[in-house]
Amino acid sequence: MSGLDRLPERMLQVELKRQVADSAELKGSFQALGSTSVLTHRIFSAAPYDVQINPGSAPNVPKFHRVDVEYVPDDETFGGAFCLDLKVKARNLSGGRVDSWAIEIERKPVVDGAQRWSVYYITYGFPEDAVRLKFYLFALGSGTFTVNVVN
């Protein structure tokens, strides 16, 4: 015998109505998370590449490059949208792929709601070391990003 069988007559209907009402109330205006805030958005620019890194002028001399990427969410409610990941697509000037080991991505602390990364790349002074970088951010919510070549 189940617990439902022990309820007085019509109590099952009353209990179901209460459960439906509770569920509707929880999903109503008090729901701050859910719907579009749970969707993952891929954020990227319309340009074919975001930044071009040119090699140093002296052959066989390593030059360290740093590019800072900053993501600012559109909605700052509850601390803003969290950016889950930054991906970098790197191509040399002839369109060939650049090995992923050549690029290092470091996540920085969040400052005033802006999420930041530094992307590092080394060139050795040869023309074929020049690369074009395209950034893709995967975030819970929408936002914009900026790119700044540091060195």
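Modeller: Surface first. This is a predicted model, and the protein in it exposes about 10300 Å². Carbon and sulfur atoms supply 56% of that area. Of the 151 residues, 26% count as buried.

Now the fold. The secondary structure comes to one helix and eight strands. Along the sequence the pattern reads α-β-β-β-β-β-β-β-β. Take the contacts between residues at least 6 apart in sequence: 78% of them join residues at least 24 apart.

Next, the core itself. The largest nonpolar core has 21 residues. Leu 133, Phe 135 and Leu 137 touch the most other members. Two or more residues each come from strand E2 (51-53), strand E3 (63-73), strand E4 (83-92), E6 and strand E7 (131-140). E7 gives the most, with five residues.

Zoom in on Phe 135. Leaving out residues up to four places away in sequence, Phe 135 touches Ile 43, Phe 44, Asp 50, Val 51, Val 67, Val 69, Leu 86, Lys 87, Val 88, Val 119, Phe 145 and Val 147.

Asp 112 is found in the loop between strand E5 (103-111) and strand E6 (114-123). Its relative accessibility is 79%, so Asp 112 counts as exposed. Check its backbone too. Most residues other than glycine have a negative phi. Asp 112 is not a glycine, yet has a positive phi of about 50 degrees.

Technical notes. Residues numbered from 1 in each chain as written. Predicted model: local features only at pLDDT ≥ 70, side-chain atom pairs only at ≥ 80, totals over all residues. Heavy atoms only, no water. Helix = DSSP H or I, 4+ residues; strand = E, 2+ residues; numbered from the N terminus. Buried < 20%, exposed > 50% of the residue type's maximum accessible area, 1.4 Å probe, protein only. Core = buried A, V, L, I, M, F, W, Y, C linked by side-chain atoms within 4.5 Å. Contact = heavy atoms within 4.5 Å. Areas by Shrake-Rupley, 256 points an atom, 1.4 Å probe, with all protein chains shown as cover.
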